[in-house]
Amino acid sequence: GFQRSGNTFAWFLVKELYGYKVDIAHHTHSVANLKLAIKYNKKLIVIIRDPLDSLTSAAIYRCKDGDVKCVNNHIQFLIDDYKSFYIYLGLIKLKNNVIIYHFSSLVNNPLEFCNKISPVERVAHNDGQSISDIAINSQRIYESKKNISKHMSTQVNNSKNILKDIVKKHISSSYKKQL
């Protein structure tokens, strides 16, 4: 999927539930992955997210402090990239091996996502944690090892939420015609 659309969460979810029984490409966020999956007849799972939410999160990721000038320097590129990605997805979505899954469904019902993407038997977890918690904890450990800043993290935090509101208002008012 396009960047900041739940790709990392989905990857950790699959990794935790299936171990290494399932190969999954991620983190390129480009049309190239879509083209390769089609070319080699691989199952293609694309996670989509509301454009404003995805663009806001991507802008914050690139502009760690949410500086409006920085956001303005990146947002047009992000909008063009977003449109390019989804135009191509629109061209291929009718292919047999393409599963389109919405970000909110992934976050709210990760087990349904896993059942939809693979019939492979899942690795058992006996510690009583929910599937989401397992993936989130794994992701949190990964991000702490990589020393990822709060604004670049995929984890929810209050300062990032405040920043999201500011950036989202700026993008929606300044780039309204393009969204």
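A disulfide is counted here where two cysteine sulfur atoms lie within 2.5 Å of each other, and the views below are close-ups of a predicted model.

**View A. The disulfide of Cys 63 and Cys 70.** The sulfur atoms of Cys 63 and Cys 70 are 2.1 Å apart, and the two residues form a disulfide. A search across the whole structure finds one such link. The torsion about the S-S bond is -80°, and the link between Cys 63 and Cys 70 is left-handed. Cys 63 and Cys 70 are both buried.

**View B. The salt bridge between Asp 53 and Lys 168.** The structure holds one salt bridge, and the partners are Asp 53 and Lys 168, whose closest N and O atoms are 2.4 Å apart. The pair connects distant parts of the chain, with Asp 53 in helix H3 and Lys 168 in helix H8, 115 residues apart.

**View C. The largest nonpolar core, around Ile 75 and Ile 171.** This core has 28 residues, and of these Ile 75 and Ile 171 touch the most other members. Two or more residues come from each of helix H2 (31–39), strand S1 (44–48), helix H3 (51–62), helix H4 (68–92) and helix H8 (158–174), and the greatest contribution is that of H4, with 11 residues. When residues up to four places away in sequence are not counted, Ile 171 touches Leu 52, Leu 55, Thr 56, Ala 59, Val 71, Ile 75, Lys 176 and Leu 179.

View E. The side chain of Ser 5 reaches the backbone oxygen of Phe 2 at 2.9 Å. With neighbours within four places in sequence left aside, the residues in contact with Ser 5 are Ile 47, Arg 49, Ser 54, Tyr 86 and Phe 103.

Notes
Residues numbered from 1 in each chain as written. Predicted model: local features only at pLDDT ≥ 70, side-chain atom pairs only at ≥ 80, totals over all residues. Heavy atoms only, no water. Polar contact = N/O pair within 3.5 Å; in protein donor to acceptor, adjacent residues only side chain to side chain. Contact = heavy atoms within 4.5 Å. Core = buried A, V, L, I, M, F, W, Y, C linked by side-chain atoms within 4.5 Å. Buried < 20%, exposed > 50% of the residue type's maximum accessible area, 1.4 Å probe, protein only. Helix = DSSP H or I, 4+ residues; strand = E, 2+ residues; numbered from the N terminus. Salt bridge = Lys/Arg side-chain N within 4 Å of Asp/Glu carboxyl O.
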